[in-house]
Amino acid sequence: MARSTKASNAVLRLKERTNQAPYSMVTTNDGRFYLVLGDEQGASEKKSEALELDEFVSFVNQLAKLAPKKASKFDLTFEAQLQRSGTKEET
């Protein structure tokens, strides 16, 4: 069950990055996955060959640019402090 969850989460993230494009995954009998893109007429276009789990997730992650990681105000302040302390040691 966890295998398909990891793959389906990758497809959900892809949908978020592509404004809810109608991507879906198909699982083969031998436990591999491939990606399809649906169209308005209900047909689907195969976007990948059948891949093992890790290969499939990597493929899906490469299709659209990943969203930038969110940084809190505290993260930004800490990063600035690290840069300042690194600069003081060099002088």
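How many bridges join strand E1 to E2, and do the two strands run parallel or antiparallel? Five bridges join E1, which covers residues 23-27, to E2, and the pair runs antiparallel; here two strands are taken to pair if DSSP finds at least two bridges between them.

Before going further, let me say what we are looking at. This is a predicted model, in which local features need pLDDT of at least 70 and side-chain atom pairs count only at pLDDT 80 or more, while totals for chains, interfaces and linings use all residues. Residues are numbered from 1 along each chain as its sequence is written, and side-chain values use heavy atoms, with hydrogens and water left out.

The secondary structure of the chain comes to three helices and three strands, and from the N terminus on the order of elements is α-β-β-β-α-α. Helices (H or I, at least four residues) and strands (E, at least two) are DSSP runs, numbered from the N terminus. Of the 91 residues in the chain, 22% count as buried, where buried means under 20% relative accessible area, exposed means over 50%, and partly exposed lies in between, with a 1.4 Å probe and protein chains only.

As for E2 itself, five of its six residues are buried, so the strand is largely enclosed by the rest of the structure.

In soluble globular proteins, nonpolar side chains tend to be buried together.

Tyr23 lies in strand E1 and, at 13% relative accessibility, counts as buried. If we leave aside neighbours within four places in sequence, Tyr23 is in contact (heavy atoms within 4.5 Å) with Val11, Leu14, Lys15, Thr18, Leu35, Val36, Leu37 and Lys47. Val60, not counting residues up to four places away in sequence, touches Ala10, Val11, Leu14, Arg17 and Leu35.

Arg17 is buried yet has no salt bridge, and the nearest side chain of opposite charge, Glu16, is 7.0 Å away. A salt bridge here is a side-chain nitrogen of Lys or Arg within 4 Å of a carboxyl oxygen of Asp or Glu; for charge, Lys and Arg count as positive and Asp and Glu as negative, while His and the chain ends are not counted. A polar atom of the Arg17 side chain does, however, lie 3.3 Å from the backbone oxygen of Ala64. Asn61, in helix H2 (residues 53-63), is 44 residues from Arg17 in sequence and 9.8 Å away in space, C-alpha to C-alpha; at 23% relative accessibility, Asn61 counts as partly exposed.

Finally, the loop between H1 and E1. Asn19 lies in this loop and has a phi near 55 degrees, a positive value in a residue other than glycine. Gln20 lies in the loop as well, with a positive phi of about 65 degrees although it is not a glycine. Asn19 is exposed, with a relative accessible area of 72%, and Gln20 is exposed too, at 54%.

Key. Polar contact = N/O pair within 3.5 Å; in protein donor to acceptor, adjacent residues only side chain to side chain.
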